[in-house]
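Hi everyone, thanks for coming. Please have the sequence and the model open while I talk you through a few places in them.

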Amino acid sequence: MTLLGLILLLMTFWGLAYGSARAIVWIITPPVLLIALNLAGLVTPVGSLLVALPYAVALFFYLMPEQRRQWISKPLLATFRSVMPAMSQTEKEALNAGNVWWDGALFSGQPNWQDLLHQPACQLSEREQAFIDGPVDELCRMLDDWQITHEDKDLSPRIWEFIKTSGMFGMIIPESYGGLGFSAYAHSQVVMKVASRSITAAVTIMVPNSLGPAKLLLQYGTQEQKDRYLQKLAIGEEIPCFALTSPKAGSDAGAIPDSGVVTYGNFQGKEVLGIRLNFEKRYITLAPIATLIGLAFKLEDPERLLSDDPLPGITVALVPRETAGIKVGKRHMPLDIPFQNGPIYGRDVFIPIDWVMGGAEGAGQGWRMLMDSLSEGRGISLPALSTGAGKTASRYTGAYAAVRSQFNQPIGHFEGVEEALARIGGLTYQMDAARKLTLSALDSGETPSVISAIVKYHLTERYRQVINDAMDIQGGSGICLGPDNLFGRAYQAIPIGITVEGANILTRSMIIFGQGAIRAHPFVLKEFEAAENPDQQAGLIQFDSALFGHIGFVVTNFARTLWLGLTHGRLSESPKGGPMRRYFQRLNWMSASFALTTDLALMTLGGSLKRKERLSARLGDILSNLYISSACLKRFVEEGEKPEDVPLMQWALDDSLYRMQHALRGLLRNMPVRPLAWVMRVLIFPTGLPFHKPTDRLDHQVARALLSPGEVRDRLTHGVFTDDDPQQRIGQLEQALHVVAKVIPLEKTLKRAKRAGQLHARELPELIKEAIKLGILSESDKSLLTEAERLRNQVIEVNAFERLMPSGSVSGKQQSKVSTINKLGAA
């Protein structure tokens with residue numbers, strides 16, 4: 001065989017694999033090519049035979065499926081069953097929760113970008129927008145976070161009443177039951193706006209609208225249960241909580257020790273079939289004031305009064321608080337963020353069987369109910385709260401950095417501060433993009449459980465980074481708590497979001513990839529189902545189909561990864577040109593690399609990958625950043641591909657690509673099968689590691705967008721509460737930012753005149769007088785500069801108090817402010 005003949009053969013097979021050619025093309029192409037190469041003298045008969053023999057064997061097994069199953073698939077199925085990790089019933093129900101959406105496309109290695117771009121954009125109805133502009137805005141103006149957190153340790157009675165009567169507890173409940181019937185996007189917008197004003201209020205609104213009795217009632221409740229509770233929940237007549245976590249079973253909710261035994265008992269003077277409960281719950285939000293408890297417990301039926309199963313399993317029931325035997329304990333105080341939270345206990349609590357969610361048929365179905373609800377609810381509340389924090393930091397820390405001066409220039413102009421500001425802006429862009437894409441899926445009827453876990457974990461972690469950066473920039477004004485501190489409570493609250501609805505360490509190391517690898521992969525779940533099929537023959541046929549589909553999938557991604565790695569994604573498909581083109585192509589490269597790496601990890605590690613949590617976490621990081629990158633490109637297109645937004649889009653994509661590269665590098669450095677890791681390293685990055693963190697130039701561009709009033713800043717921070725009231729800190733910052741922006745040319749004029757020796761004064765008032773006398777400035781210029789200086793001084797002031805007193809004993813009237821200059825003088 002000549003070198004040219006070999007190259008033509010390899011390129012043909014590579015092209016067929018890269019393009020996922022159909023079977024008929026694979027059957028016809030090799031013999032036609034061999035004949036042509038023989039006629040051209042590029043392949044000898046011996047060379048043809050060496051190619052034809054393996055081709056003939058493959059063709060035989062393709063055309064003779066029965067022989068293929070007996071000789072190949074059957075032994076492999078036996079091996080697969082022996083190494084397949086054991087899967088509990090709760091794990092199976094978790095895997096079956098929700099559905100597969102864009103995560104499946106990313107797992108395929110060949111995402112169809114048109115599908116993503118055709119996904120409907122999030123939109124508010126007129127009624128939803130009116131609610132956000134009306135009652136939600138009114139609530140935000142009522143909220144005094146210092147009063148709530150430092151003095152009252154609770155929302156005021158007036159605010160509680162307003163939340164109830166405005167319908168905020170019933171956003172997800174249909175109008176037919178007296179609720180608002182809002183979309184997931186509207187629900188998220190409400191939480192985000194309120195969170196930018198008060199985390200306590202936001203959490204209070206979140207809980208009844210996410211994982212709680214109303215959500216479960218809508219999906220699983222009997223008609224009688226819906227009629228009994230939904231209208232009362234919608235108007236706040238019933239306050240719900242959901243009791244899942246136990247002292248000895250937090251993340252491992254399947255191990256909850258709380259029990260319920262099916263038995264007969266007395267209820268309202270009658271002997272009825274019911275359940276006797278014993279439980280201990282803690283960390284239950286709204287528990288201290290709840291009137292209706294959604295309770296999860298393990299159901300036992302030793303006398304088989306419900307069915308033949310003596311251990312039906314996790315069950316959910318709706319239990320009124322006043323039920324005999326229930327006790328609500330003293331409040332917890334989660335990091336001084338005083339949303340209502342506390343423990344609940346129950347001893348020998350008897351409830352009738354029709355209090356089980358879904359009635360008697362719902363017995364043992366609780367874990368499935370919870371997983372289905374989490375697959376949706378996790379994608380709304382905490383991502384909204386996190387994004388609200390990011391937008392607030394972008395808007396107001398950016399304003400502070402523009403107004404606050406050191407060494408005769410705004411602190412936002414220092415490169416170190418620019419780096420932190422750019423992270424704030426870029427990560428906020430990512431958070432909002434991922435939030436919106438997920439909400440679009442939910443409002444389209446999808447329930448993407450893997451994606452919900454992605455946004456819960458990654459948005460709360462980005463919230464952590466953004467607020468840490470904001471605190472670094474704010475400096476002393478960030479660490480001095482008081483009515484004017486916008487970020488102290490957000491900083492304190494960071495671990496709350498990290499902990500709840502699935503602790504972040506668990507979510508990253510076990511859930512995202514652990515669930516995604518089986519659920520979103522196009523073939524793995526089919527292979528698991530085939531292995532568990534009790535019908536041996538049907539299982540063999542099912543496994544054979546999945547196995548050879550999987551082999552073709554690996555071959556395709558091997559070819560794609562090699563080519564895309566050599567070309568850095570160039571020449572691959574992209575739905576858009578301009579600044580987005582190369583990013584779509586790079587994501588093609590990373591998607592194919594992720595798909596191939598996933599399969600090789602599963603093949604070499606098998607069931608032990610479940611225990612290799614750090615490897616699993618890195619694979620999850622790649623998938624997550626593929627999703628976030630997709631969302632950012634989708635957002636840029638939705639917002640009209642505005643040139644002024646290009647730096648934000650580029651920063652977000654460069655950051656995500658670097659994170660993917662970092663995760664891949666860590667994965668390959670730690671894979672147990674070292675030779676395979678070396679081969680994969682060459683396949684994925686044949687020319688070295690190409691991705692880098694956002695450049696200093698890009699950091700500068702993003703930071704300047706946060707430092708200046710304008711459409712970019714407004715688009716990035718849209719949806720958080722804003723106010724022009726000069727008595728409010730946010731109003732002061734807005735006013736100062738706009739005035740300072742106007743005096744920048746005047747300040748430059750003064751600096752030039754001083755350097756030229758025209759002006760000699762040191763203090764600003766005297767400097768202005770000299771400039772006016774020389775005709776360098778006008779009287780109107782003087783007014784503007786004086787106002788700018790007044791606003792600067794106002795913005796850098798922090799709250800101070802007459803004396804240190806126990807928390808809650810200092811009234812708002814007793815507090816005062818002290819300027820930085822006075823503080824230094826006092827010191």
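A word on the ground rules. This is a predicted model, so to speak about local features we ask for pLDDT of at least 70, and side-chain atom pairs count only at pLDDT 80 or more, while totals for chains, interfaces and linings use all residues. Residues are numbered from 1 along each chain as its sequence is written, and side-chain values use heavy atoms, with hydrogens and water left out.

Let's begin with the helix pair. Two packed helices are described by the angle between their axes and the distance between the axes. Here, helix 21 (residues 504-519) and helix 25 (residues 613-638) have axes that come within 7 Å and cross at roughly 65°. Helices are DSSP runs of H or I with at least four residues, and strands are runs of E with at least two, both numbered from the N terminus. The axes are lines fitted to C-alpha atoms, for helices over the stretch in contact, with angles from 0 to 180 degrees between N-to-C directions.

Who makes the contact, meaning heavy atoms within 4.5 Å? On helix 21, the residues include Arg508, Met510 and Phe513, and on helix 25 they include Ala617, Asp621 and Leu623.

Two of those residues also meet in a salt bridge: Arg508 and Asp621, with their closest N and O atoms 2.7 Å apart. A salt bridge here is a side-chain nitrogen of Lys or Arg within 4 Å of a carboxyl oxygen of Asp or Glu. Are they buried or exposed? Arg508 is partly exposed, at 27% relative accessible area, whereas Asp621 counts as buried, at 12%. Buried means under 20% relative accessible area, exposed over 50%, and partly exposed in between, using a 1.4 Å probe and protein chains only.

How many salt bridges does the structure hold? The count is 35. Another one pairs Asp714 with Arg395, at 3.2 Å between the closest N and O atoms. This pair also links distant parts of the chain, with Asp714 in helix 29 (residues 711-716) and Arg395 in helix 16 (residues 381-403), 319 residues apart. Asp714 is partly exposed at 39%, and Arg395 is buried at 9%.

For a local example, look at Arg790 and Glu787, whose side chains meet in a salt bridge of 2.9 Å, N to O. Both lie in helix 32 (residues 779-796), 3 residues apart, which is about one turn of the helix. An α-helix has 3.6 residues a turn, so residues three or four places apart point the same way.

Next, please find helix 9 (residues 145-152). This helix is mostly covered, with 6 of its 8 residues buried; among them are Trp146, Ile148 and His150. The buried residues pack against helix 12 (199-209), helix 20 (488-499) and strand 10 (798-801).

Last stop: the cysteines. How many disulfides are there, counting pairs of cysteine sulfur atoms within 2.5 Å? The count comes to 0. Take Cys632: its sulfur is 14 Å from the closest cysteine sulfur, in Cys122, so the two are too far apart for a bond. Cys632 is also buried, at 0% relative accessibility, while Cys480 is partly exposed at 25%.

Methods:
Contact = heavy atoms within 4.5 Å. Disulfide = S-S within 2.5 Å.
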